[in-house]
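Student: Hi! I have a structure open and would like to talk it through with you. Can we start once it is on the screen?

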Amino acid sequence: MSEKPLISVEDLRVTFRTPKGPVEAVRGIDFELGRERLGIVGESGSGKSQTGRALLRLTASNGSITAKRMEFDGIDLIKASKKTLYGIRGNRISMIMQDPKYSLNPVMTVGDQIAEAYRTHSKVSAREARAKSLAMLEAVRIREPEKVYGLYPHQVSGGMGQRIMIAMMLIPNPQVLIADEPTSALDVTVQMQVLALLDDMVRERGMGLILISHDLNLVSTFCDTVLIMYGGQIMERLPAKELHNAQHPYTRGLLNCLPRMGGGHGELPVLQRDPAWMQPQGHSA
Amino acid sequence: MSAPEATTRPVGGLRAWLLSDAPANVWQARAQRAYFGWLTFKSNPIAMAGLIIIATLLLIAAIAPLLTGGAGIEQNLGNRLQAPSSEHWFGTDELGRDIYDRIIWGSRVTLYIVFLVSIIVMPIGLLIGTIAGYVGGWIDTVLMRFTDIFLAFPRLILALAFVSALGPGLENAVIAIAVTTWSPYARLARAEALTVRSSEYILAAQIQGASTLRIVIFHVVPMCLSSIIVRLTLDMAGIILTAAGLGFLGLGAQPPLPEWGAMISTGRDFLLDQWWVSTIPGIAILVVSLGFNLLGDGLRDVLDPRSGASE
Amino acid sequence: MIEIDRLNIRFGTGDNVIHAVRDASFKVAEGESYGIVGESGSGKSTILRALAGLNDDWTGTMLIDGRSLTQHRRKQDRKDVQMVFQDPYGSLHPRRTVNDTLKEPLSIHGFRDADARILAILKEVGLGEDFRFRYPHQLSGGQRQRIAIARALILEPKVVFLDEPTSALDVSVQAEILNLLVRLRKAHNLTYLMVSHDLAVVGHLCSRIAVMNRGAIIEEITDEQLGTGEVEHAYTKQLWVASKGYDAEAVAGFVDME
């Protein structure tokens with residue numbers, strides 16, 4: 001990479017204390033993010049969501065994050081104070097999550113929420129915040145932004161809710177966006193439209209994007225690089241275009257067990273889990 | 001499952017049976033559930049405090065004859081209003097009765113009240129609420145208006161009315177309290193039933209041809225039970241106090257029954273100089289009410305399906 | 001085996017009437033596997049639920065096994081038609097063991113040899129005796145879905161409705177469940193009616209597929225057509241393109257279909 005990466009992670013580990021003993025959700029992963037689209041793919045329990053949260057230190061209180069290095073723009077995210085983190089979260093690194101029904105405040109109008117997000121990180125007047133919010137609603141291709149500004153979250157559709165989330169998260173002009181299953185709750189055509197929007201906005205602003213998803217097909221067609229996670233570790237790392245040439249048996253297994261349109265009705269090859277995959281993989285992947 | 005399994009400490013015997021992944025029969029499965037509930041409960045020190053208090057109450061009531069010299073009703077007018085001493089740990093009241101004995105025997109009365117109210121309030125509230133919530137329609141309307149009627153009456157006044165109609169006495173006071181207490185439970189059960197009603201496991205039962213009654217009893221009620229139990233435990237303090245209040249007014253327990261509220265009442269004439277006559281029973285009520293409150297809080301953590309603690 | 005003709009379902013009253021299903025008609029032969037795809041609000045799940053007898057507010061004609069269905073279902077009618085729901089975390093009662101859940105339909109319909117049937121069906125869905133007395137929270141998503149399938153099959157129905165049966169499952173688990181469903185259909189000559197938003201899954205399991213949009217069935221296609229993309233209606237084509245993955249140019253041409 002010619003320029004310095006935006007985010008640099010080495011040996012990230014996230015462990016939770018539970019009544020049944022410690023649970024290691026992320027077990028030593030390395031990656032870097034530049035001005036590109038990085039996809040993290042895995043099934044449930046693979047540690048992909050926990051990785052996203054760990055970057056912003058949003059892990060639950062019974063979890064602990066350790067890493068040899070976890071840096072954003074020269075700032076050590078592991079040792080950063082609360083004050084530094086507040087200045088980063090939602091401002092320089094933003095995050096959008098799966099279901100706008102749950103991530104939007106149900107008792108505030110959507111417009112006010114976007115304005116609030118703006119005023120959290122910039123000292124501007126209410127009027128200016130409103131104007132900027134309206135501009136942002138237009139930027140996320142919502143028709144009739146004035147009307148939508150005054151709606152409540154339950155009055156908007158899923159796709160529109162995600163656009164509003166995107167507006168809210170991009171209004172402070174962050175450098176990195178972490179998107180955790182941003183389109184999983186949406187219909188497939190709406191998914192594509194929201195992704196197209198993300199595509200344009202990330203490109204325009206020169207942002208880095210981490211897209212976390214379980215949908216291998218989606219990530220491989222949208223992202224530049226793909227990380228495959230299993231059991232808290234990275235199994236394979238490759239350019240999205242090369243996914244069909246994946247080498248690791250887990251990746252191949254995942255690819256093979258997907259049904260395809262026009263693929264007939266034959267038995268789908270079932271993924272055989274090799275216990276060796278749970279062993280520490282080392283950092284050569 | 002693709003998540004790594006955490007390692008657990010090696011176990012044997014009963015513990016292994018309780019922690020095993022493959023219960024062999026219904027009883028083992030239910031015992032396991034209870035065990036996990038117990039573990040969650042145990043980890044909450046405040047809840048344990050509540051449990052200890054209530055367990056102590058139960059123990060005292062059970063072994064009352066062993067703990068006391070008499071039945072607490074023997075009068076000894078020559079010995080009245082004695083201060084607490086080594087002979088009478090809590091002193092004596094205005095009729096010379098040993099207050100310690102009366103407190104101990106009074107625990108049985110308190111438990112009697114608690115038990116009677118619970119077995120009246122819980123089934124009535126549950127059934128009315130779950131049927132109203134699940135079936136909906138005009139049945140819901142009728143049942144809820146019926147509930148509202150009882151909800152509208154101020155508890156103490158209705159209790160007074162009942163007691164004056166039925167005559168004073170502990171059972172009648174308890175029935176009066178129960179009759180005025182069940183309404184909120186019906187509302188609570190109805191609210192839970194409304195949420196549960198559209199769950200897919202209910203739809204699955206309907207598709208199988210389960211009758212309404214079967215669905216209400218086996219599917220809806222188990223989901224509503226925890227909220228009701230928690231609410232009841234938390235209300236218990238209030239119920240004991242209301243019974244004490246009725247006793248205070250002379251409408252509940254009749255002398256010489258050692259009901260704590262009645263004891264406070266008869267002692268109020270002597271409050272300034274012989275404080276122990278009223279105060280000691282007051283402390284007893286305080287401690288037991290507190291115990292129920294703490295227990296209720298702890299139970300909520302264990303039983304509430306939403307808190308995710310037991311699932 | 002399944003037939004609906006000019007089925008109409010409306011919700012709400014007065015000004016707020018939603019015409020959820022408009023004049024839907026299709027036929028499914030015995031032993032066939034028929035799919036209904038559409039996006040949210042298309043009415044696909046509504047049709048399924050009406051056919052399953054979970055919703056009585058419909059007009060039109062519905063027939064199962066040649067018998068016309070009425071708004072009121074009797075217990076005997078229920079045996080022939082069973083359903084597998086989408087959410088494995090919601091379709092099993094959290095306070096009842098697997099045994100309770102499987103025993104109930106048998107008790108309702110008066111089957112005697114409950115124990116033997118329960119053990120047999122558990123084996124058939126690929127779970128051992130160990131699972132019999134577990135609670136749902138002790139099972140993984142795939143295992144819960146197997147229990148849901150076992151529950152649907154224990155009454156030996158002729159028709160099984162599948163409401164997005166694998167949408168909530170991991171990809172690797174989805175493959176196992178799809179294989180199980182295919183195997184069971186062949187073994188028992190079941191008729192499947194499957195609703196899904198995922199074209200690839202529907203194409204794998206079904207031979208004919210109805211495409212729904214805003215309550216109406218706009219087109220009926222075959223699984224081969226899903227392979228080639230030679231479909232008639234523009235909406236279907238758009239759905240097909242979106243299912244292939246992200247393609248910036250293609251997405252730019254998407255329109256909201258009324």
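Student: Okay, which residue is the bridge partner of Gln82(C) in S7(C)?

Tutor: That is Val160(C). Before we go on, keep in mind that this is a predicted model.

Student: Got it. How do S6(C) and S7(C) pair, parallel or antiparallel?

Tutor: They pair in the parallel sense, over 4 bridges, and S7 covers residues 159-163 of chain C.

Student: Where does Glu156(C) lie?

Tutor: Glu156(C) is in the loop between H5 and S7 of chain C. With 14 C-beta neighbours inside 10 Å, Glu156(C) counts as partly exposed.

Student: What about Arg214(C), what is its phi?

Tutor: About 50°, a positive value, and Arg214(C) is not a glycine either. Arg214(C) sits in the loop between S9 (208-213) and S10 of chain C. Arg214(C) is partly exposed, with 17 other C-beta atoms within 10 Å.

Student: Switching topic: how many residues of chain C are in contact with chain A?

Tutor: 31 residues of chain C are in contact with 28 residues of chain A. Several helices of chain C give two or more residues to that side, among them H7 (199-205) and H9 (234-243). The largest share comes from H6(C), with 7 residues.

Student: How do the residues on that side of chain C divide into nonpolar, polar and charged?

Tutor: There are 15 nonpolar, 11 polar and 5 charged residues on the side of chain C that touches chain A.

Student: Let's move to chain A. How many helices and strands does it have?

Tutor: Chain A has 10 helices and 11 strands. The radius of gyration of chain A is 20 Å, close to the 19 Å that the globule rule gives for 285 residues, so chain A is as compact as a globular protein of that length. The C-alpha trace of chain A spans about 60 × 50 × 45 Å along its principal axes.

Student: How much of chain A counts as buried?

Tutor: 45% of its 285 residues.

Student: Which residues point which way from S3(A)?

Tutor: Arg37(A), Gly39(A) and Val41(A) point one way, while Leu38(A), Ile40(A) and Gly42(A) point the other way.

Student: What does S3(A) pair with?

Tutor: S3(A) runs parallel to S9(A), residues 208-213, with 5 bridges joining them. Within that pair, Gly39(A) stands opposite Leu211(A). S3(A) also pairs in the parallel sense with S10(A), residues 225-230, over 5 bridges. There, Gly42(A) has Met229(A) as its bridge partner.

Student: And chain B, how many helices and strands?

Tutor: Chain B has 12 helices and 0 strands. Of the 311 residues of chain B, 40% count as buried. The C-alpha trace of chain B spans about 75 × 55 × 30 Å along its principal axes.

Student: Last one: which residues have the most contacts inside the largest nonpolar core?

Tutor: Ile114(A), Ala167(A), Ala173(B) and Phe161(C), in a core of 233 residues. Leaving out residues up to four places away in sequence, Ala173(B) touches several residues, including Val163(B) and Leu246(B).

Technical notes
Residues numbered from 1 in each chain as written. Chains lettered and ligands numbered in written order. Predicted model: local features only at pLDDT ≥ 70, side-chain atom pairs only at ≥ 80, totals over all residues. Pairing = 2+ DSSP bridges. Contact = placed C-beta atoms within 7 Å. Nonpolar A, V, L, I, M, F, W, Y, C, P; charged D, E, K, R; others polar. Buried ≥ 20, exposed ≤ 12 C-beta atoms within 10 Å, placed from the backbone. Core = buried A, V, L, I, M, F, W, Y, C linked by C-beta atoms within 7 Å. Rg over C-alpha atoms; globule rule 2.2 N^0.38 Å.
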